[in-house]
Amino acid sequence: MPIEVRLTDHTTDPIRTLYTAFRVCYSAFTPAQIEARIEDERITHDQMREFVEARLATGHTSPLQQVWFEFGISGVSRAFSHQFVRHHMGISFEQQSQRYVTYKDGSFPYTVPDSIRRAGKSEAFEQAIETAGRAYQELIDAGVPAEDARFLLPNATSTNFKVSVNYLELLHIADQRLCTRAQWEFRKVVSLMRAEVKRRFPELARYMQPKCGEFRLGYCDESYADWEACPIGRKRPHKTTLFELYARSQQGQLDELRDNDYQVIESEQLSESEPY
Ligand SMILES: Cc1cc2nc3c(=O)[nH]c(=O)nc-3n(C[C@H](O)[C@H](O)[C@H](O)COP(=O)(O)OP(=O)(O)OC[C@H]3O[C@@H](n4cnc5c(N)ncnc54)[C@H](O)[C@@H]3O)c2cc1C
């Protein structure tokens, strides 16, 4: 069953909501006065966007909790869903129940990971699923309630979600789950969530990056071995590089600025100065 992700609803105008939330903090105007200035277009949408983008570069993050997105997510495995529901701040889930939904004829949708296909083990995998399905049906036929028969269902079983998440948590989930250390299915789901937000709000989707992204930490905070193994690791410095730089600076070991550097600084036309 293919994974499907749809942005089903969202804060009406996230840029306006973010603008108002930030503005209230920094302005002598009341919220009503701020809204009135937006209504009569003394503040344009472009001005709001520019203001919001400047604030998004800061650590003032609570206004991001005022913007929410709703997603419909289907065709994901129970292996994924166990990980998904570990996120618990600023996110609400509704998940298809294996108590109230009884599978018919021992047949249920499931995911076969590509690694299993590549290993040539699809057939063995599918046979194991069918065996579990038959045993499940046997229990149902014997009058065992679905809530107990489901103990036989594998992690591969598909499930569906309706999720509501605020923008702050969405960025945090992207930080963790677009990182190449995250599981492939989670990376795929968050990539699809990002694509959905990008369709409607590209200016907000660009902050949905792995934590090493240029709009997020900008460096890798995982272990050095993981950084070395990461296919995009070389695009980012590892945190130890930053710490080494800091330690060298504390120990007075940074390269000295020399006379020729000051000549560069003094020269009127920087571009005409000697390259070094
Ligand atoms: C690569 C990877 C591997 C993982 N492996 C494992 C594993 O082997 N076993 C396992 O059990 N889990 C594992 N996890 C799950 C992980 O430990 C977290 O439970 C999960 O990522 C949810 O993230 P979060 O704690 O940031 O929660 P969120 O709900 O997303 O929280 C958002 C932020 O809110 C704050 N916050 C959340 N809860 C609290 C709190 N109680 N008190 C104070 N502040 C809080 C924190 O700043 C947190 O970052 C893994 C996650 C990743 C990304």
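Which residues surround the ligand? In this predicted model, the ligand sits among R86, H87, H88, M89, E169, H172, Q176, R181 and A182. Beyond that site, the chain has 13 helices and four strands. Here's a quick tour.

**Around the ligand**
- Sorted by class, the ligand's shell comes out as four polar, three charged and two nonpolar residues.

- Four strands make an open sheet, lined up as β1-β2-β4-β3 and paired antiparallel.
- The edges belong to β1 (4-10) and β3 (91-95); each has a single partner strand, so one side of each has no neighbour in the sheet.
- Going from one strand to the next, the twist averages 20°.
- Five bridges link β3 to β4 (residues 158-166) in the antiparallel sense, and Q95 has F161 in β4 as its bridge partner.

**Helices on the sheet**
- Helix α8 (residues 167-177) lies across β2 (68-77), β3 and β4, and runs at about 125° to β4.
- Helix α9 (residues 184-200) also packs on the sheet, where α9 touches β1 and β2 and makes about 40° with the direction of β1.

**Overall shape**
- Along the principal axes, the C-alpha atoms fill a box of roughly 90 × 55 × 30 Å.
- Of the 276 residues, 23% count as buried.
- Among contacts with a separation of 6 or more, 70% come from residues 24 or more positions apart.

Key:
Residues are numbered from 1 along each chain as its sequence is written. This is a predicted model: local features need pLDDT of at least 70, side-chain atom pairs count only at pLDDT 80 or more; totals for chains, interfaces and linings use all residues. A residue is near a molecule or strand if its C-beta atom, placed from the backbone, lies within 6 Å of it. Ala, Val, Leu, Ile, Met, Phe, Trp, Tyr, Cys and Pro count as nonpolar, Asp, Glu, Lys and Arg as charged, and the others, Gly among them, as polar. Two strands pair if DSSP finds at least two bridges between them. Helices (H or I, at least four residues) and strands (E, at least two) are DSSP runs, numbered from the N terminus. Axes are lines fitted to C-alpha atoms, for helices over the stretch in contact, and angles run from 0 to 180 degrees between N-to-C directions. Two residues are in contact if their C-beta atoms, placed from the backbone, lie within 7 Å. A residue is buried if 20 or more other C-beta atoms lie within 10 Å of its own, exposed if 12 or fewer, and partly exposed in between; C-beta atoms are placed from the backbone.
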